[in-house]
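The following exercises guide a new reader through one protein model. Each task is followed by a solution in steps.

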Amino acid sequence: MGSKVENVFAASRWVLPEQRELYLQIKEDEKLVPMPVIEQDELEAFQYLIRDSAREDYAITLTWWQSVKGDLGTTSNMWGIVKWLDQNGRRLKLVNDEESHWISLDKITAVKG
């Protein structure tokens, strides 16, 4: 069974551009998630893989959370090598063949070696 918003659009052939935009925005907002809670042992494993990538120059895949609307946001993924660890700024620089990103250490939700 669909939501009331979907039913309104299904029943009407004519949709104003403003209504369509609102509907699309609602659908996008439904995809937003809160920042996951990471356990201490997971954080320690993340730190080990991150330091190892920086020291040994091998690629890892990072997933991090980005705020979109307050406490809700999206996650992003990127593979690369950790080229810089900024302990004071609590961030790292992840670099691959196509791009580089500064990523906050506090927003990392997964690390795979």
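Two strands pair if DSSP finds at least two bridges between them. Helices (H or I, at least four residues) and strands (E, at least two) are DSSP runs, numbered from the N terminus. The model is a predicted one, in which local features need pLDDT of at least 70 and side-chain atom pairs count only at pLDDT 80 or more, while totals for chains, interfaces and linings use all residues. Residues are numbered from 1 along each chain as its sequence is written, and side-chain values use heavy atoms, with hydrogens and water left out.

**Exercise 1. Describe how β4 and β5 are arranged.**

Solution. Step one: β4 pairs with strand β5 (residues 100-104) in the antiparallel sense, over five bridges. Step two: four residues lie between β4 and β5, and the two strands form a hairpin. Step three: within this pairing, Lys93 is opposite Trp102 in β5.

**Exercise 2. State how many helices and strands the protein chain has, and give their order.**

Solution. Step one: the protein chain contains three helices and six strands. Step two: read from the N terminus, the order of elements is α-α-β-α-β-β-β-β-β. Step three: of contacts (heavy atoms within 4.5 Å) between residues at least 6 apart in sequence, 42% join residues at least 24 apart.

**Exercise 3. Identify the residues with the most contacts inside the largest nonpolar core.**

Solution. Step one: a nonpolar core is a set of buried Ala, Val, Leu, Ile, Met, Phe, Trp, Tyr and Cys residues joined through side-chain atoms within 4.5 Å. Buried means under 20% relative accessible area, exposed over 50%, and partly exposed in between (1.4 Å probe, protein chains only). Step two: the largest such core has 15 residues, and Ile50, Leu62, Leu92, Leu94, Ile108 and Val111 have the most contacts inside it. Step three: two or more core residues come from each of α3 (40-56), β2 (60-69), β3 (72-86), β4 (91-95) and β6 (108-112). Step four: beyond its neighbours within four places in sequence, Ile50 is in contact with Ile60, Leu62, Val82, Leu85, Leu92, Leu105, Ile108 and Val111.

**Exercise 4. Is Phe46 buried or exposed?**

Solution. Step one: locate Phe46 in helix α3. Step two: Phe46 counts as buried because its relative accessibility is 10%. Step three: not counting residues up to four places away in sequence, Phe46 touches Ile38, Ile108, Thr109, Ala110 and Val111. Step four: a distance of 9.6 Å separates the C-alpha atoms of Phe46 and Leu105, which are 59 residues apart along the chain.
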